[in-house]
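Dear colleague,

Here is the structure I said I would pass on. My notes on it follow below.

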Amino acid sequence: MDTPLNTIAVVGLGTMGTGIAEVLARAGREVIGIDISDAAARQAVTVLEASTARAVERERITEEERRNTLARFRTFSDLHAAADADLVIEVVPESYEAKQQVFRALDAIVRPGTILATGTNALSVTRLAADSEHPERVLGLHFFNPAPAMKLVEVVSSVLTSPIAVEAVTTLARELGKEPVAVGDRPGFVADGLLFGYLNQAAAMYEAKYASREDIDAAMKLGCGLPMGPLALLDLIGIDTARTVLEAMYTESRDRLHAPSPILKQLSEAGLTGRKTGRGFYSYAAPGTSVLVPDALTPQPAAEGAAGREIRSVGVAGSGTMASGIAEVFAKAGYEVVLAARSPEKAETAKARIAKSLARSVDKGRMTAEVREATLGRITPAGSLDAFAEVDLAVEAVAEDLDIKQELFATLDKICKEGAVLATTTSSLPVVACARATSRPQDVIGMHFFNPAPAMKLVEVVRTVLTSDEVHATVREVTTKIKKHPVDCGDRAGFIVNALLFPYLNNAIKMVEEHYATLDDIDAAMKLGGGYPMGPFELLDVVGLDVSLAIEKVLHREFRDPGLAPAPLLEHLVAAGCLGRKTGRGFREYARR
């Protein structure tokens with residue numbers, strides 16, 4: 001194991017195996033590609049030829065480097081081709097039987113010092129190692145798809161793995177330009193251990209008909225900055241693969257959040273496993289392509305005549321960051337805005353905050369000084385809700401406290417004219433409870449903006465069982481006019497985004513509590529392996545641990561699932577006053593301003 005890993009065999013030339021082979025060949029390694037299918041081997045060569053040709057066109061490599069790369073990749077159909085390899089990476093289907101068959105055969109072929117790596121993301125590395133004649137040389141080497149682009153590599157040790165083998169593949173990963181993260185042997189490891197629970201919940205949300213597939217995916221992309229929505233990602237990964245991973249996770253954790261959603265079984269057994277078959281949650285132009293085609297579930301354009309009420313003026317109640325942001329959004333879109341706070345001074349302060357925001361836009365060339373002045377001119381600060389008497393739409397953005405919101409809606413009911421739409425921006429409280437505080441619950445709806453409101457494109461439109469169709473149509477139309485993307489939600493805790501986001505964050509905390517991985521490794525894994533803009537602990541500290549705990553409690557109370565119970569570490573930090581960036585300390589410490 002002390003020899004350099006210069007000759008590497010890759011067993012299994014599917015999408016992942018081919019990607020790993022490309023990474024290795026481009027990094028100067030001699031690569032032995034092995035697959036029992038001649039067609040798969042030919043396809044792997046074709047993919048590498050096309051990929052390197054694109055790299056030459058983009059001037060990332062020279063033509064000579066391309067020729068050398070292609071020369072370093074040879075394909076075979078027999079495992080005996082791996083006899084001289086320093087490292088063998090198997091990437092065969094996620095089945096113990098298939099992987100054990102490969103490892104047993106390799107035991108009789110390769111040198112005793114050759115490292116054997118499994119590319120599994122769901123099965124036990126320890127179990128595979130225990131069946132090997134040399135368990136100390138067996139470990140996990142989990143690349144992420146697409147392997148040439150994704151930086152993360154999880155290096156998985158069992159209790160039997162030699163530290164020398166771990167050091168050798170860790171060094172290799174760095175030489176390949178990857179970021180290795182050392183993890184122990186449990187299903188899903190770090191990245192998939194957090195990712196697949198979230199994907200499973202998204203599938204269950206869709207199965208329950210809570211929201212459309214398009215709205216679920218748009219909500220997570222626009223609300224969280226994710227590169228793909230969860231259902232599209234399941235189609236990319238393979239619904240059968242996701243089901244296998246979740247089964248392995250549930251077998252170990254017995255957490256209901258990991259119990260595969262029945263729709264995953266139904267789709268898998270029907271052969272509708274995603275892009276590779278041309279149909280999964282979505283329909284594709286052909287197997288293996290990413291080109292979507294319309295199907296029976298594709299939303300149709302809104303019917304003519306479905307428009308709601310005319311909205312010319314908007315009242316925004318509140319003086320915090322969210323209220324100021326929402327007022328700015330409406331004013332930019334040309335609406336007359338009344339910004340009401342508890343005092344004239346607070347209202348003026350909120351308007352001054354908007355003025356600074358608009359000035360930054362002018363400085364960055366995003367708007368002219370004239371547009372800035374016109375936008376500010378459409379905002380009228382007020383020290384009382386009485387100023388809402390003539391507004392067509394009233395939006396509250398006050399404290400996330402049901403008593404406060406219900407009192408405010410009771411006041412709006414008395415002040416606002418007949419036909420005015422009353423909207424709450426709550427992120428976790430029941431919208432119907434606000435509606436019932438009025439004599440016109442049919443006019444009450446949720447408009448959940450995301451922070452910062454001027455920048456974030458998503459608005460969750462939350463209708464209750466009492467909301468009228470006309471009011472729903474009105475708010476969707478207005479949301480589009482202010483250049484936001486509306487997604488429809490029912491009135492239940494968390495709506496789409498928070499119901500999917502916060503269990504994922506909670507599970508990350510539990511991973512730290514169990515001493516499975518560090519804060520830094522988990523954050524790195526989710527950014528590099530999942531394409532997340534922020535790691536879970538970075539995000540928790542930005543959101544605020546007290547806010548996060550409150551949302552977790554609401555979700556747990558609503559769904560009664562033990563897996564949603566807030567992690568004790570989160571409760572302890574909040575009790576200690578460590579609330580994140582706003583207090584200078586949360587999961588990490590921050591310099592005081």
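Is Tyr 504 buried or exposed? Tyr 504 counts as buried, because its relative accessibility is 4% and the cut-off for buried is under 20%. Please keep in mind that this is a predicted model.

Aromatic pairs

A search of the whole structure gives five aromatic pairs. In one of them, the ring centres of Tyr 504 and Tyr 532 are 5.3 Å apart and the planes are at 35 degrees, so this pair is tilted. Tyr 504 belongs to helix 18, whereas Tyr 532 is in the loop between helix 19 and helix 20, so the pair ties together parts 28 residues apart in sequence. Tyr 532 is also buried, at 9%.

Phe 537 and Phe 587 have ring centres 4.9 Å apart and planes at 65 degrees, so that pair is edge-to-face. Phe 537 lies in helix 20 and Phe 587 in the segment after helix 22, so parts 50 residues apart in sequence are tied together. Phe 537 is buried at 0% relative accessible area, and Phe 587 is buried at 11%. Ring pairs also join Phe 330, Tyr 335 and Phe 449 into a cluster.

Charges over rings

The charged end of Arg 127 sits over the ring of Tyr 96, 3.6 Å from its centre. Arg 186 lies over the face of Tyr 516, 4.2 Å from the ring centre.

Eight strands form an open sheet with mixed pairing, in the order 11-10-9-12-13-14-15-16. Its edge strands are strand 11 and strand 16. Strand 10 and strand 11 pair in the parallel sense over four bridges, with Ala 340 opposite Ala 382 in strand 11. Helix 13 lies across strand 10 and strand 11.

Regards

Note on methods:
Residues numbered from 1 in each chain as written. Predicted model: local features only at pLDDT ≥ 70, side-chain atom pairs only at ≥ 80, totals over all residues. Heavy atoms only, no water. Pairing = 2+ DSSP bridges. Helix = DSSP H or I, 4+ residues; strand = E, 2+ residues; numbered from the N terminus. Contact = heavy atoms within 4.5 Å. Axes fitted to C-alpha atoms, helices over the stretch in contact; angles between N-to-C directions. Phe/Tyr/Trp six-rings, centres within 6.5 Å; stacked < 30°, edge-to-face > 60°. Buried < 20%, exposed > 50% of the residue type's maximum accessible area, 1.4 Å probe, protein only. Lys NZ or Arg CZ within 6 Å of the ring centre and 35° of its normal.
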